[in-house]
Each structure stands twice: as structure tokens, then as C-alpha cells.
Amino acid sequence: MFDKILIANRGEIALRVLRACKELGIATVAVHSTADEDAMHVRLADESVCIGPPPAKDSYLNIPALLAACEITGADAVHPGYGFLSENARFAEILAEHSVHFIGPRPEHIRLMGDKIAAKRAAEQLGIPTVPGSDGGLGSDEEARRLANGIGFPVMVKAAAGGGGRGMKVIRGEADLPSALATARAESKAAFGDDTLYLEKYLERPRHIEIQVLGDGKGRAIHLGERDCSLQRRHQKVWEEGHSPALNTAARDSIGETVAKAMREIKYLGVGTVEFLYDDGAFNFIEMNTRIQVEHPVTEMITDIDLILEQIRVAAGNDLELAQDGVKFHGHAIECRINAENAVSFRPSPGKIIHYHPPGGLGVRVDSAAYHGYAIPPFYDSLIGKLIVHGKTRGECLMRLRRALDEFVIDGVETNLALFRALAQEKDIIDGDYHIHWLEEFLARGGLEP
Ligand code: MV4
């Protein structure tokens, strides 16, 4: 096992990793920018190192500074959290070149899944169902036109280097194709330095359902069920839950086993998430994330498995001890991402929290690095914390969620608590009847106004 882990992140995920390290008896090193001197992760770690000025590119993304921090403290492994360097294959390689373990997948798998065309091709070869579309990158406009007519409109163009919604366009008919391709190419070139595009059948109102996986890099791998992350705004997840209200046990076991088998075949190491658009009873692979995700607690609450602990164990070379038939699901969990932002405009609202009272009680978990008097810096994301609620049934979970949201006090900054209080009362949400556009449609029809 590792002796000392450097946590190359901040906020609630840095705390989450710290807690797992403490339980494992592993020493911790926090790194921080000059804007995060008073941050909770710095206070709770055994040691801390300042790695640069506030902009992330000069601190949390500063690879030489992180290497120096490993060297100074003698850390033998780095946990990257999510975001920042968590899916940077080059970072994983550089750490290895300096004999420091990267707590994450092997660089080849990070790189494979970072290339959306290669990822989709790999998924197909591994027997994972994908969205119908072009086999690889698009050539000429004429080729795209022939392909689109073959697939049938509407189609979507996506950037091979994209992900997270950037460089995508819906095309409803042949006449719109040339201009859409030109715009998508230009945007992709500007954003990623690569204008390779691919084409897919456009799914109008699917759900976003993702399967959590865990592998030991030696051919053992399991799935830990799914999360439904359909409630998003501008490609930012807002509310995540597990199980998905749309799946039954047979559907879950079937897609879960397909994905787990694929992970065994490639000898995947670490945690990962395989993302699907679920439409008309069918799973359609879109991407795979090779990091721990923000919403991992949903899975932890319904499986009683500590994903960060497992991630550290397998990264240290231990065999996966969990077997698929040992994974039991219990009840239902919902996560709300509580942000410091204006409830209507969604503009970030950094500043000092003058009152902070998180909810508690049975089935309530708050993962947050916030505290009474903490000043949220303006340089990073606006996540104050995650409220995760568990219940024996989805109904009980929703009751607890309403109760917990009523208890939550955050004063001094604007928050989106009102959005969640409204969502938890909405009929479609209570019925589990929603899709990837539901939240934006709800906001557009003024669902939040009293
Ligand atoms: C799609 C799609 C419809 N059809 N692909 C957006 C983010 C990126 N990861 C994939 N995305 C989509 N891909 C096909 N073939 C619709 C979306 C999409 C979406 C997906 C998941 C969650 C929210 C979304 C919001 C808008 C569009």
C-alpha cells in the first residue's frame, strides 16, 4: 500500500480523498494555490505545499510544481480527483517517469477514451451498443451527406476531441449540412486544435444513464450499477440519482454485465464511468470517463462500497476482492449539486459564507469543504457541496431530500437551493419522468418563478 498520497485537487473532492486516506492509515499531502490558503483540505491534511498563484493553469494544473511537491514531501502516489489533471494521460506518464504512482487508469486507456472516435470504435469491438453513426472521422462534405442520408435525419456532428457538449451540432435536414459542418469544424479547431468530426443519429429525448465500473488492471472488473444524470443545464449536471427510475433489474444486470465484461477484456484499472444515451429501451454508448466522478456518492450510498478506497487499493496493485455477485444494491440515492450561483441567471456568486448549517439525520450525507466564515474564491467552480440523500425506496429518498433541503442554511452567497426545493415538488420529477432536456424546458417555461 502507499505510504503518502499527494492530493492534486481542492474543494470537496480533496476532502473526500483525505478521508479515505485517513481510514487506510495513509499520510496525506494537500497542495493549494495562494487563493486556497484557508481551504479545508489544507487544514485537514498532514502536510501542505503551496503550488502557485490562483489561476488553475499556474497551480492545480502546474505539473512541474506538483512534481516538486511530490519530491519535497516524499509522496509515493498522486490522487488527481476529478477535473484538473484527472484525465491527462501525459501527467500519468510523467509521474511514472518520476517513480510516483498515478491513482487512476493506465495512460493508454485515458488516451483511448479521450479520443471520442477511438473510444466509440473500441466500445463497438467490445460488444457495447453504440449510437448508429459514421465509422470514424468524416471526410468530404459529400461523404457526410451520403452518410447522413444513410443514417436518416436528424443527425448530430461531434468533435473527435470534444466531449461534454463542446463542438456539437444538430442537423435536421440535408440543406443545413454544409454550414453545420463548417461551423463545427471551425469551433473544434479553435477549442481543441483538431477539426476531426464524426456523425451520429440524433436522439431527441433520451436519458443520460451511466454505468460505474471498477477494475484491478489484471482482468478482474465489476459494475456497480447505474446513475441517471439526465437533469442537466448547459451540460452541467444538477441532480443525479441511482437507480435510474427508467430501469428494471433485468435491464441493469444486462448492460452492467456487458460493460463489466468489456472492462475485463481490456484489463481496465481503477474506477470509470461508461456513459449512455438511453432511448426507447436501448442503450447507446457515447463516451467513457476515466476518473472518479462528482456523483460517485450516489453509487456509494446504494452499494455501501467506498469507491475512493477501492480506487487506491487497486492503484497500489492489489487484486479486486469484490466479486460481481457480492455487489448488492440497497434502496435509492439522490445527489444535488449545491452551487454558489444566482438562482435565476445561474451566474456564479463567490464570496463569504456568513452562516452555514448543513442538514443531518438518517440517510443524509453532505460532501463539502465549506464552513462558517469560508470565503469561496472566484477562480474555480462554484460547487459549495453535494447533498446526498438515501432512502429504502425512491419515495422515502424524496421525502428525506425535501426535509434536508429545508434544513440547509447557507447565507452570504446566492445558492441554487431554491431550484432543488422546486424540483423535489415537481410531478415529473416525483414520477421519475424526465429526460436530458427536461430541466432546460422547465426553466424556459418559468418553472422556478413562484
Ligand atoms: C447526443 C445527443 C443526442 N444524440 N448524441 C451532450 C454531451 C455529450 N457528452 C453528448 N451529448 C449529447 N449527445 C446523440 N447522438 C444529445 C446530447 C446532449 C446531452 C447528453 C447528455 C446530457 C445532456 C445533454 C444535453 C444536450 C445534448
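Q232 stands opposite K237 in β11. This is a predicted model. β10 and strand β11 (residues 236-242) pair in the antiparallel sense, over four bridges. The two strands form a hairpin with two residues between them. In that turn, R234 has a positive phi of about 50 degrees.

β10 also pairs with strand β9 (residues 207-216). The sense is antiparallel, over six bridges. L214 has I222 in β10 as its bridge partner. The hairpin of β9 and β10 has four residues between the strands. There, G217 takes a positive phi near 80 degrees.

How many residues of strand β10 (residues 221-233) are buried? The count is 13 of the 13, so the strand is largely enclosed by the rest of the structure.

## Aromatic pairs

A search of the whole structure finds ten aromatic pairs. One of them joins F91 and F102: the ring centres are 6.1 Å apart and the planes stand at 90 degrees, so the pair is edge-to-face. The pair links distant parts of the chain. F91 belongs to helix α4 (residues 89-97) and F102 to strand β5 (residues 101-102), eleven residues apart. Both F91 and F102 are buried.

W438 and F442 form a stacked pair. Their centres are 4.9 Å apart, with 15 degrees between the planes. Cut-off for stacking: planes under 30 degrees apart. Both residues lie in helix α15 (residues 438-444). Because they are four residues apart there, about one helical turn separates W438 and F442. W438 is buried, with a relative accessible area of 4%. F442 counts as buried at 1% relative accessibility.

Ring pairs also link Y60, F84, F379 and Y380 into a cluster.

## Arginines over rings

Two arginine contacts follow. R207 lies over the face of Y434, at 4.4 Å from the ring centre. R233 lies over the face of F346, at 3.7 Å from the ring centre.

## The second largest pocket

The second largest pocket holds about 170 Å³ of space. Which residues line the second largest pocket? They are A92, A96, S99, V100, H101, F102, G104, P105, R106, P107, L269 and A315. The elements giving two or more residues to this lining are α4 and β5.

By type, the lining of the second largest pocket divides into eight nonpolar, three polar and one charged residue. F102 is in this lining, and F102 is also a member of the edge-to-face pair with F91.

Definitions and conventions
Residues numbered from 1 in each chain as written. Predicted model: local features only at pLDDT ≥ 70, side-chain atom pairs only at ≥ 80, totals over all residues. Heavy atoms only, no water. Phe/Tyr/Trp six-rings, centres within 6.5 Å; stacked < 30°, edge-to-face > 60°. Buried < 20%, exposed > 50% of the residue type's maximum accessible area, 1.4 Å probe, protein only. Lys NZ or Arg CZ within 6 Å of the ring centre and 35° of its normal. 1 Å grid on protein atoms, 1.4 Å probe; cavity = no way out; pocket = protein on both sides within 12 Å on 5 of 7 lines; lining within 4 Å. Points joined across faces, edges and corners; volume = space filled by probe spheres on them. Nonpolar A, V, L, I, M, F, W, Y, C, P; charged D, E, K, R; others polar. Pairing = 2+ DSSP bridges.
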